Structures are given as structure tokens and as C-alpha cells.
Amino acid sequence: MPSIDDASVAVALGANRPSVAGSPRETLVAVRPLLEDLLRVWSDQELVCRWSSLHDTAPVGGPPDQPRYCNAVMLVEGLRASPSEASALQLLDELQRLEQQFGRDRSREQLWGPRSLDLDLLFWGELRLEHPRLQLPHPRLHLRRFVLAPLLEAMQGSAAP
């Protein structure tokens, strides 16, 4: 089983509103190949991806009456590129563009409120980053069971080439 330090990049996925792809569950299924392609293009290499299953979870924070979430984690191993602030911010931009394709409008949403797609960069190897747009590792990673359970599952799972 890989350790967090061995994993190159981890991305958390979540949704609790319908998107152009359908229900939150359908959204996470539809975004999977697009996310793998995005990371291949961004890294300019073939990747080893490990996926958790889809998890049905209660919302944490935000409005009290929002729908339950569908969550998952993608773990990418073996990146040749060295972690850097510039590359991490470029990846964040790409993740946010993908969110927009599924109907997310960050300018109109409530903090921790419902969303059609949320893609969070959790960590990139040992990179420690304190940037106004991105903190690595994710500052609340250790507090979120809806991220930790899928992350552990992805770490224990078999790799998908």
C-alpha cells in the first residue's frame, strides 16, 4: 500500500447538486475520465491512478438543509515533475475550469454550500504551500472523514493505468 508521502497528487471530488451530467453520483462518474485526461495533459506523461468508490456523506458546515454529498478521491502516483507553486496553481486553475464545465459558479455560491462539482487538491508529495488561492496540504484534510475514508480506500486499492 502506498503512503501519503509516496503518492504524487491527491484530488478530492464532491457534489450534492445536479450538473449537466445528471445527479451528483452521475457527475462524479462522468468527471472521472475527464479528470484523468486533465492530469495527463497537465503532467505531460502517462499516470497511475487509484480511485476510491463513491461515498454518500452528510454535508459538513454550510446551510443546515442542503442535500447529502457524493464524494470520492483520486490518487495519482509517479509524477516525474517536481512539486512547485507555479505548477500547483496551474493545476488548480485546470481543476476549477473542469468544475465550471459541470456548472459550478464560485462567484454565486455560499461558503460550504451546495455545489454541482467540487475538486480539491489535497496534496502534492511533500510540497508545503501557503498561497492566497491554495494551501497544501489541504488545511482541513485531517478533519474531514468524507475525504479521509475515500483517501484511505484509494491508497489501499489497485491502480488503474
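Here is a walk through the cores, the aromatic pair and the cysteines of this predicted model. Residues are numbered from 1 along each chain as its sequence is written, and side-chain values use heavy atoms, with hydrogens and water left out. As the model is a prediction, local features need pLDDT of at least 70 and side-chain atom pairs count only at pLDDT 80 or more, while totals for chains, interfaces and linings use all residues.

Let's start inside. A nonpolar core here is a set of buried Ala, Val, Leu, Ile, Met, Phe, Trp, Tyr and Cys residues joined through side-chain atoms within 4.5 Å, with buried meaning under 20% relative accessible area (1.4 Å probe, protein chains only). The largest such core has 33 residues, and Leu35 and Leu39 touch the most other members. Among the elements that each supply at least two of its residues are helix 1 (24-43), helix 2 (85-101) and strand 5 (118-124); helices (H or I, at least four residues) and strands (E, at least two) are DSSP runs, numbered from the N terminus. A second, separate core of 11 residues includes Leu141 and Val147.

Now for the rings. There is one aromatic pair, where pairing asks for ring centres within 6.5 Å (the six-membered ring for Trp), and planes under 30 degrees apart are stacked, over 60 edge-to-face and the rest tilted. Trp42 and Trp124 have centres 5.1 Å apart and planes at 65°, so they sit edge-to-face. Trp42 belongs to helix 1 and Trp124 to strand 5, 82 residues apart.

What about disulfides? The count is zero, taking a disulfide as two cysteine sulfur atoms within 2.5 Å. The sulfur of Cys70 is 18 Å from that of Cys49, its closest, which is too far for a bond.

Key. Buried means under 20% relative accessible area, exposed over 50%, partly exposed in between (1.4 Å probe, protein chains only).
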